[in-house]
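Please look over the two chains shown here, with the questions below in mind.

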Amino acid sequence: MPGETSDCKDYFYLATLDKGCLPWSGQRGRPAHWEAVVAAKQRSARVMASSTGDQSQAVRNGLRTKVLTLHSMNPRVRQVEYAVRGPIVQRALELEQELRQGVKKPFTEVIRANIGDAQAMGQRPITFLRQVLALCVNPDLLTSPSFPHDAKKRAERILQACGGHSLGAYSVSSGIQLIREDVAQYIERRDGGIPADPNNVFLSTGASDAIVTVLKLLVAGEGHTRTGVLIPIPQYPLYSATLAELGAVQVDYYLDEERAWALDVSELHRALCQARGHCHPRALCVINPGNPTGQVQTRECIEAVIRFAFEERLFLLADEVYQDNVYAAGSQFHSFKKVLMEMGPPYAGQQELASFHSTSKGYMGECGFRGGYVEVVNMDAAVQQQMLKLMSVRLCPPVPGQALLDLVVSPPAPTDPSFAQFQAERQAVLAELAAKAKLTEQVFNEAPGISCNPVQGAMYSFPRVQLPPGAVERAQELGLAPDMFFCLRLLEETGICVVPGSGFGQREGTYHFRMTILPPLEKLRLLLEKLSRFHAKFTLEYS
Amino acid sequence: MHALGAAFAKPGWVRVGASAARWRVPVAGGPKPGWHRSLKEPLAGLRCETAARLGQCATCLFSFSFCAKVSLRKRAMQRAAALVRRGCGPRTPSSWGRSQSSAAAEASAVLKVRPERSRRERILTLESMNPQVKAVEYAVRGPIVLKAGEIELELQRGIKKPFTEVIRANIGDAQAMGQQPITFLRQVMALCTYPNLLDSPSFPEDAKKRARRILQACGGHSLGSYSASQGVNCIREDVAAYITRRDGGVPADPDNIYLTTGASDGISTILKILVSGGGKSRTGVMIPIPQYPLYSAVISELDAIQVNYYLDEENCWALNVNELRRAVQEAKDHCDPKVLCIINPGNPTGQVQSRKCIEDVIHFAWEEKLFLLADEVYQDNVYSPDCRFHSFKKVLYEMGPEYSSNVELASFHSTSKGYMGECGYRGGYMEVINLHPEIKGQLVKLLSVRLCPPVSGQAAMDIVVNPPVAGEESFEQFSREKESVLGNLAKKAKLTEDLFNQVPGIHCNPLQGAMYAFPRIFIPVKAVEAAQAHQMAPDMFYCMKLLEETGICVVPGSGFGQREGTYHFRMTILPPVEKLKTVLQKVKDFHINFLEKYA
């Protein structure tokens, strides 16, 4: 049973949440003293509001209310939640700060397994990518003998396509034409020769930017005709956050945890039928390979989804940023575009599709450069112009990110001097990821009370954890989701930062967390064991 | 749109190597669909570039016979494409699983039997799309720029024009105009990008020191990691130190600094948070006219109410507080004015606000309880000897605690302008003052959804706010380069003003700062009529003609807003001096010619 010390800790969590972390927490029941705090705050806010009539008095008291308050702000922004960088990450930052200040903790470092940030976890950048980029950044280096010939050639080619031959000029809003052509060729190669048109490729500031842009175009109507968007549960919270911000209606379809998080079309039907009562469902988002769930869709499943989207008149959004991250034997990545085209008429010529990719994942893990693209298929030409216009307001995606994307989509060819090293580095990263995926699944499944589906792809495990009723009660007293309570305790006691399943969505009464598989193999092993031990201890403590 | 038309409106079905024919939306002479609110129906035509090259009719409004003709030609092309792919295609055999040729043949077989007549209405159309996005306008990259792109392509293809190159004076893109990057900045960036270079003797020590410091603050010591959503800590500290220096010691708190993806990102984020209410309580945002169209575009997108206040052209585009009062009073009838945007130095108008004027504005914002947005991205670009840049933050603090602890302010800066002109890196920051702590939480949350600003842009921002100082190895070269850019800009500002004012029918206010001239042009009645016949704003008509006849791309004043019946255009002063002289001369000749033609 939780004793006095643990109550102190609980109070501490509350304090954490009180420190500007409220926006993320989907809080339900709150304890009595918490309510008191909130009520007191509201009272003082009312006092401040009523005093604004007498401006000079207010000013003398320094009590003037602000123009921009929680009450007056954009209500849609207030509703946005984004767990991957939510209160738990905020707390992790604070703990790191405390460790630096020499505060004693039961651990020596915070391990951020909350976000798919490979290089932050020690993955080395791919040499060739950085060589070319450095040459682009500082073209004086083009005369340096320490860079391979093919890297120089590539840098010159990119610079040639930039305004003033510099990464420092704006590009066209849809991205540098040459790079769009390279992306189109990459897609053609990837999809076994199915043609891709550079004019349908739009470069973006990471995939997130493109996803937001396409969703933004799709949102219209009011009340019963407001756009509904189907998203998987569990989902990557960019989707729920964007839909909240745009005031669109989120329509949940559940992935089947019992069948390795497979997508079931009858569940899509169920979700759609229920949604039709209160909104106008117009788009279907699919994440393949899955985030946070790591499943890789079969070709049959993709075909079924496309047929469903076609019959129900849904615009398809295929989030394929993990297309290079497939580990499980027997799993293979199939792009929606390819399957769509191979399905022939009427699908191929009519089904509207947007497919997203990024430089942040795969084997390169270049998150910081914010490179990405969207390919649109069967999109209305006039709408494409609208999309370009919308992008032009933000001028252009970061040009270094565009350059990096170019290298990702057209890596060295076998005859190039850099090929061998590039290939070796790439294989090493992917092979290690595959080993880590296997290890994670294995260790978690050995732990009682934790079950983990195979990590077929992507970069995360999303294990289900059993939480004892005592812990669930305690969490409810604190106004926290039970898995948030678990993750906060895990962070405080082990320094391991993972994201509670409630941030991604999960079936009522089940609890999960998302953990990246990115730490180096040996560190990951320790981390997994630590986590399993903590779970056992936690279970004991609250049962 | 009939079924066949719709089928062809989808680009990208057939593309074979370089000789591909591509199907595109037309632009010929007219605005693109969707760029103008006034154009209710899109110009739903198609153009075959190949046909255009052969001098055949380029556009059609979906006459059935045309489409049938195209359809036949397109099928023939598909067959050719399939042949190329099967046999003698230029590509090497694929190592990607399925053979390319079989998949391609399959795909083209699909194309052939596609029942085009049965195409359904698309899900996402101009009619069904987000109406707020449809309402967005952004002239700086609008139809005239698209037209410029087309003309460039035509020049490349060898089509004869009365000029040999398109000069893009539409956008403040210094490096595209030949300005060289600042050496120190690029050195540090190269070191950060490829840290192996830290061992190279060809980089100066101070550049290495900065690169090490930046990398030290990055996750995994790499620019390839995500940063905190608010930006890398040490860079925010450097920004705060810069602001403190700039403002003569007025303190700046790194917690109030948010790094952004260019200043545009910061501006739209803050506006997004500010917009609320419905009907008469909908948020009103006051913006100067003429304005930088980012503001009107974001306001449209957010469905906020744009409240115009006019700058005084007769008075060097000065901001007059009485005009602010008029605007806010009138706006209160139909919205809730909550925000006041100021651009100083002005874009597109180039005025630099006096200290007195800034004080008046702050007092007004305090009185009317307005949230202040100070767009100060041109803070390094002040040329007139009798003008100085005063930051809103500094003036606010010096006005005393009534103001400095109450007026909410967000100030924006960027790596894209100044002397560095690093537009492509999309670096920028905003500093917020007196923001409610809860709102700060909301702000970080909102920013976190997009993960982080590009880290390379953050690094570039760091170097801008933390340049070499006296005594450091790179100081001399850095100062020389910086002075040279700014000195040149000052010269070009003067030159532009002088030359424009020599032309009859053009009047240009002094370019005290920023990077643009926004001269007023006289457009004769006949030209106005001709423009109306083309369904164009008169200054759009003027700028299109200018582009077609001289290759000079400038943006019509209507894209920025101007007093009814006046006409302007915005032109950057960024081309190198000699080229700028030629450009100005060409504009002069064109203008005189234009006046004669439409007299």
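Q: How much area is buried between chain B and chain A?
A: Buried area is the accessible area (1.4 Å probe) that two parts lose on being put together, summed over both. In this predicted model, totals for interfaces use all residues, whereas local features need pLDDT of at least 70 and side-chain atom pairs count only at pLDDT 80 or more. Carbon and sulfur atoms give 58% of the area buried between chain B and chain A, which is about 10,700 Å².

Q: Which three residues supply more than any other three of the area that chain B buries against chain A?
A: The contact (heavy atoms within 4.5 Å) takes 116 residues from chain A and 121 residues from chain B. A share of 8% of the area that chain B buries against chain A is supplied by B:Ile123, B:Leu124 and B:Tyr226.

Q: Which residue of chain A meets B:Asp265 in a salt bridge?
A: A salt bridge is a side-chain nitrogen of Lys or Arg within 4 Å of a carboxyl oxygen of Asp or Glu, and the rule finds five across the interface of chain B and chain A. At 3.6 Å, N to O, the side chain of B:Asp265 meets that of A:Arg394.

Q: Which element gives the largest share of the side of chain B that touches chain A?
A: Helices here are DSSP runs (H or I, at least four residues), numbered from the N terminus, and residues are numbered from 1 along each chain as its sequence is written. Among the elements that give two or more residues to this side are helix H10 (262–274) and helix H16 (437–449) of chain B. The largest share, nine residues, comes from H16(B).

Definitions and conventions: Chains lettered and ligands numbered in written order. Heavy atoms only, no water.
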